[in-house]
Amino acid sequence: MPSTPGAGAPPTASRLPSRWLYLRLTLVSAIWGGTFIAGKALAGGLPPLLAASLRFAIASATLLGCLALTRTPLVRPAPGQMLRLSALGLLGVFGYNLFFFYGLQRIGAARASLIVALNPAMIALASFLLLKEALPPLKLVGVALCLAGAADGGGDLLILGCVACWAAYSVGSRGLSQALGPLQTATWSILLGTAMLWLAAWLRGDASLAAIGKLDAAQWGGLLYLGALGSALAYIWYYDGIRRIGAARAGLFIALNPLCAVLLGAGLLGERLSLEMAVGGALAIAGIALGNPAPWRGQPPSRST
C-alpha cells in the first residue's frame, strides 16, 4: 500500500524547537564542509564512479540500519512517488556525485566548496519559480550576502553541475519529504541513486574488487565519513529542514560550507586561513540570519515560506 503522510518522520520533528532545527542545519553545513576534504583525499586514489558507489553503499547500509534499529518498516511508495524518488536519486545522488568526484580531480577542495555555495541563490530562485515560495526583499538580501561570502574569482563547470543537481534535488524533495517523512525520503532516494551508481560503475568497468582491496585505513575512514555522516545523517536532517521551513531557507545554510571546509582544511591539512575567508564567513552568517529571521525573534519556523 502507498505510504501514509509523515511515515518515517522523526517522532519529535513537529515539536522540535526552531533553535534546534537551525542548529542541526548548521551542523549539516559543517559535515558537508568536511566532505570536500574527504572527497579530495579519495579523488586521486579511486575512480570517481567507484568512490561515489562505495560512499552511497555505506549510506544505504546506515539508513537501512536506522530503520531496523527503530523497527520502522520501509514504506512502499505509490507509483508516482517512486518516479519522483527515482528522479531525486538521479539528481541528488548519481548526478551530484559524478560532478563532485570528477570536479575534485581537477580543482582544490576550498575552491570547489566556494562554487557549491552558489546553491542558496539557485535553490531560492527555483523555489520561487516552481514552488511559489515567497522571496521577500529581506530573504533576497540574505541570499546576496551568502553569495558575496562565497564569491571567488574562478569557476569550474563540473562543480557547477553539482549546483544545478542540488538545486533541483532540494526543490523536488519537499513534497515527498512531507508525504513520506525525511527518513523514508532519504532512504529511498539514496537506495535508488546507489543502484544507478553501481550500474554505471559496472558498465564502465570501474567496479573493481582489486581497487577496493587496496584502500588503506585513512581512505576507508573517509568513505565512512562521507557515507554515514555526509550522506545518511546529513540528508535526513536536510530533508527535515526543507520539510519544515522550505527549500529556500534551508538552502541558505549551504553558504556555510566553504567556511567550514576552509576551517577544517586549516585544522586538519594545515592550509592557510585568509582575511578574505574570514570576511566571507561573516557575510555568509549575516545572510543566513537575514534569510531566516524567525529563530532570532523566538518565532516558530513556518511550513509554508
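User: Which residues of H7 and H10 meet, and what counts as contact here?

Analyst: In this predicted model, where contact means heavy atoms within 4.5 Å, Trp166, Tyr169, Ser170, Ser173, Arg174, Ser177 and Gln178 of H7 meet Tyr235, Tyr238, Tyr239, Ile242, Arg243 and Ile245 of H10. By class, the contact of H7 with H10 has seven nonpolar, four polar and two charged residues, with Ala, Val, Leu, Ile, Met, Phe, Trp, Tyr, Cys and Pro counted as nonpolar, Asp, Glu, Lys and Arg as charged, and the others, Gly among them, as polar.

User: How is the packing of two helices described?

Analyst: Two packed helices are described by the angle between their axes and by the distance between the axes. The axes of H7 (residues 157–180) and H10 (residues 217–245) come within 9 Å and cross at roughly 70°, which makes H7 roughly perpendicular to H10, a term covering angles of 65 to 115 degrees. Axes are lines fitted to C-alpha atoms, for helices over the stretch in contact, and angles run from 0 to 180 degrees between N-to-C directions.

User: What do the spans of helices H8 and H2 show?

Analyst: The expected span of a helix is 1.5 Å times one less than its number of residues, helices being DSSP runs (H or I) of at least four residues. For the 23 residues of H8 (residues 182–204) this gives 33 Å, in agreement with end C-alpha atoms 33 Å apart, and just after H8, Gly205 takes a positive phi of about 80°. The 22 residues of H2 should span 32 Å, and the end C-alpha atoms of H2 are 32 Å apart, which agrees.

User: Which residues does Asn97 touch?

Analyst: Asn97, placed in helix H3, counts as buried at 0% relative accessibility, and, not counting residues up to four places away in sequence, Asn97 touches Ala52, Arg55, Phe56, Gly92 and Tyr235.

User: How are residues numbered, and what pLDDT is needed?

Analyst: Residues are numbered from 1 along each chain as its sequence is written, and side-chain values use heavy atoms, with hydrogens and water left out. Local features need pLDDT of at least 70 and side-chain atom pairs count only at pLDDT 80 or more, whereas totals for chains, interfaces and linings use all residues.

Definitions and conventions: Helix = DSSP H or I, 4+ residues; strand = E, 2+ residues; numbered from the N terminus. Parallel < 35°, antiparallel > 145°, perpendicular 65-115°, else oblique. Buried < 20%, exposed > 50% of the residue type's maximum accessible area, 1.4 Å probe, protein only.
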